[in-house]
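Welcome! Take a moment to look over the sequence and the model, and then we will walk through them together.

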Amino acid sequence: MKITATSIFVGPSIYSQRPVVHCTLDAAGQLPWRPSDSGLRDNLFGRLPGLRAHSELCGARKFLEGGEGEGEAFPISHLFEHISIELQNLAGADLSCVRVGAADQIGPNSAAVPYEEPEVCIEAARLACDLIASLTSADPQSTGADGQKFDFEGRFTEFARFAAATMLPVQDRALIRAARALDIPARRLVGRTIALGDGRYQQRLSATKTSLTNVVSNDLAANKDYSRRVFMDLGLPIPRYERVYTGREAGDAARRIGFPVVVKPNNGSMGSGVSVGMKNRRAVAAAFKRAREFSRSVLVEEVVEGADYRMLVINGRLCAASKRVPGHVVGDGVHTIEALVNKVNSDPRRGTGPTSS
């Protein structure tokens, strides 16, 4: 089985109201998929157990689970769609089959796969092709196309890394999903820039900035020293701190404030270059070097114990709050800490950096 052509539809099409990648398939020689093929199902679910939970709205569950329609063949293109969707969902997407109301437009040798990122969808489709080929081959370990053994775990790891590097950060994807749920057209333009709506009322977003963001306020918020001075003028409590430019100044500031201290870039974000709990001048000097990689000036401040919360205020109204919990594991009396950490890190949604799912 192979993909002979792909077309990317960024808006409504004959296949779906949602964006899809239309794939033309060459499934010559592929075995039919029937509910009675329990061996094929077991091999498939062994690799992608999440397929069991796929919606029955498009008529897929009775074939994937067996029991109904024993004499009917399940279109290989429909199976291909579900595998491509599940692979994307494992990488952090939130997708479902588009065949409801579109079955007449999707031919037996074609597939319509929804996507959040078209490049990720196409890579998922390629992996789905190879997986189906291995499942329907006489040798389940062969891929058929190049004669090499099919290593699904290795291929999926490569795909997950590609998806993590290509997809928008999780908070950006949440904005797009919320907009589409309200029937607001949403699409990625370039980088992290997102367009909401069309025409004269269109708004654009980039990370936490929108078309309505005040440039002066944004610059003020990006400078930790300046924003704290504004807080002090308003009578709000802030940690004691000093802004420094050399390692010696950092050590002297830490001595005046009192150890332990926090050392952070003045113009940083996402926790980059931040060191917490520095207990002596040597540790402060090392932390200063790390912070200087992200900002010309560095802040040395007192440590304030307590929970860490982020609050979202829209038009003067507190709309949401989240508690930030550091990465951790809980002992179970059986496994080592290393084993527990490896188990948590095996979740494909866990990527590198602060913007993964």
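## Two hairpins in a row

S5 and S6 form a hairpin with six residues between them, and Gly197 in the turn has a positive phi of about 80 degrees. The two strands run antiparallel, with four bridges joining S5 to S6 (residues 203-206). Across this pair, Leu196 stands opposite Gln203 in S6.

S5 also takes part in a hairpin with S4, this one with four residues between the strands. Its turn holds Gly191, with a positive phi of about 55 degrees. S4 (residues 186-188) and S5 (residues 193-196) pair in the antiparallel sense over three bridges, and Arg187 stands opposite Ala195 in S5. Two strands count as paired if DSSP finds at least two bridges between them.

## The whole chain

Stepping back, the protein chain has 11 helices and 13 strands. These are DSSP runs numbered from the N terminus: helices are H or I with at least four residues, strands are E with at least two.

Of its 357 residues, 36% count as buried, that is, under 20% relative accessible area with a 1.4 Å probe, protein chains only. The accessible surface (Shrake-Rupley method, 1.4 Å probe) comes to about 20,800 Å², and carbon and sulfur atoms hold 53% of that. Among contacts (heavy atoms within 4.5 Å) with a separation of 6 or more, 55% are between residues 24 or more positions apart.

## About the model

This is a predicted model, in which local features need pLDDT of at least 70 and side-chain atom pairs count only at pLDDT 80 or more, while totals for chains, interfaces and linings use all residues. Residues are numbered from 1 along each chain as its sequence is written, and side-chain values use heavy atoms, leaving out hydrogens and water.

How values were computed. Buried means under 20% relative accessible area, exposed over 50%, partly exposed in between (1.4 Å probe, protein chains only).
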